[in-house]
Amino acid sequence: MSFQVTYPPSPAELMPQPLLPTLALLIYERATQHGSQVLLRKHAVRQGEGACTLGPAQALTRADVTDLTRLLAGQGLQRTRPTTLAVGLQCVAWWRPPGLRPMLFDAKYAQSRSVARLSGIPVPHPGLVFVATPGTLKVYAVTGDGLPTDDTPLLHAPYWNMFPGGQLCRGTTRYPEACTPASQDDWETAFFQSVFTGPSRTDRYMNWGQSYEELLDAALAAGTFPEQVLLPAGLTLAQALS
């Protein structure tokens with residue numbers, strides 16, 4: 001599938017010419033656990049005697065998506081924020097500097113439930129990198145208090161409810177519809193106001209041998225998150241954004 005848009009049209013293009021459909025794009029929708037999922041599929045148009053029929057549905061290729069994006073997005077610009085790291089058509093990545101922010105806890109295991117006393121209390125966090133796409137939020141940690149660069153190594157986010165790849169286990173959390181620089185605060189609110197219930201991974205993601213509650217107590221006592229407990233996630237910022 002390819003598109004060509006010219007403006008102004010040439011004199012030849014202004015002459016009436018028969019147009020024959022060759023390709024159709026159809027939107028399909030299906031219900032999922034988190035709402036409706038919309039799919040876009042292409043169908044070849046077959047010319048018949050007095051009628052056209054559609055061929056089988058095919059997934060769009062990367063080239064198709066690029067052509068569609070170029071056609072629909074035109075030359076529009078999108079404003080970013082000082083903490084924005086990258087912006088795509090339906091994705092945004094940004095950095096959150098180290099600082100305080102309350103969290104909510106409802107531990108699923110009895111031995112961890114005393115962490116509930118820290119619910120709603122501002123606790124120190126390391127610098128964080130968020131990557132939001134429709135229905136998905138990935139979170140990584142970074143050291144220091146400067147804006148990360150392409151070569152900055154990403155670290156595992158020191159939180160419960162995270163999968164090994166950095167994705168938050170969404171549960172019943174409501175995510176913003178938009179993935180834009182203007183929605184960064186809404187995504188952070190969705191993350192920090194989600195209820196953290198316990199580890200969603202079995203691999204070692206922190207260099208900390210005590211309970212999570214004790215880690216937060218140590219951070220509160222120090223007034224800053226102890227970065228020495230963070231472990232490498234195995235990729236740089238540029239690799240995470242590619």
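**The largest pocket and its surroundings**

Author: Strand E2 does: seven residues of the lining of the largest pocket come from it. Strands (E, at least two residues) and helices (H or I, at least four) are DSSP runs, numbered from the N terminus. The model is predicted: local features need pLDDT of at least 70, side-chain atom pairs count only at pLDDT 80 or more, and totals for chains, interfaces and linings use all residues. Residues are numbered from 1 along each chain as its sequence is written, and side-chain values use heavy atoms, with hydrogens and water left out.

Now the pocket itself. Its volume is about 1100 Å³, that is, the space filled by probe spheres set on grid points joined across faces, edges and corners. A pocket here is an open set of points on a 1 Å grid over the protein atoms alone, where a 1.4 Å probe fits, with protein on both sides within 12 Å along at least five of seven lines; lining residues have an atom within 4 Å of a point. The largest pocket has 31 such residues, and Gln-37, Val-38, Gln-90, Pro-134 and Gly-135 are the closest to its centre. Strand E1 (23-32), E2 and H2 each give two or more residues to the lining. By class, 15 lining residues are nonpolar, twelve are polar and four are charged. Nonpolar covers Ala, Val, Leu, Ile, Met, Phe, Trp, Tyr, Cys and Pro; charged covers Asp, Glu, Lys and Arg; the others, Gly among them, are polar.

Where does the largest pocket lie? The protein is divided into domain 1 (23-73) and domain 2 (84-241), with bounds from an automatic or database domain assignment. Both domains give residues to the lining, so the largest pocket lies between them. The C-alpha centres of the two domains are 36 Å apart.

Lys-42 and Asp-64 meet through their side chains at 2.7 Å, N to O. The rule asks for a side-chain nitrogen of Lys or Arg within 4 Å of a carboxyl oxygen of Asp or Glu. Lys-42 sits in strand E2 (residues 35-47) and Asp-64 in helix H2 (residues 62-73), 22 residues apart. Lys-42 is buried at 11% relative accessibility. Asp-64 is buried too, at 2%. Buried means under 20% relative accessible area, exposed over 50%, and partly exposed in between (1.4 Å probe, protein chains only).

The count of salt bridges comes to seven. Another of them joins Arg-117 and Glu-213, with the closest N and O atoms 2.7 Å apart. Arg-117 is in the loop between E8 and strand E9 (122-125), while Glu-213 is in helix H4, 96 residues apart. Arg-117 is partly exposed at 45%, whereas Glu-213 is buried at 14%.

Last, the second largest pocket. Its volume is about 260 Å³. It is lined by 13 residues, of which Val-131, Thr-133, Ala-240, Leu-241 and Ser-242 are the closest to its centre. Strand E6 (91-96), strand E10 (127-133), strand E11 (136-142) and helix H5 (237-241) each supply at least two lining residues. Nine residues of this lining are nonpolar, three polar and one charged.
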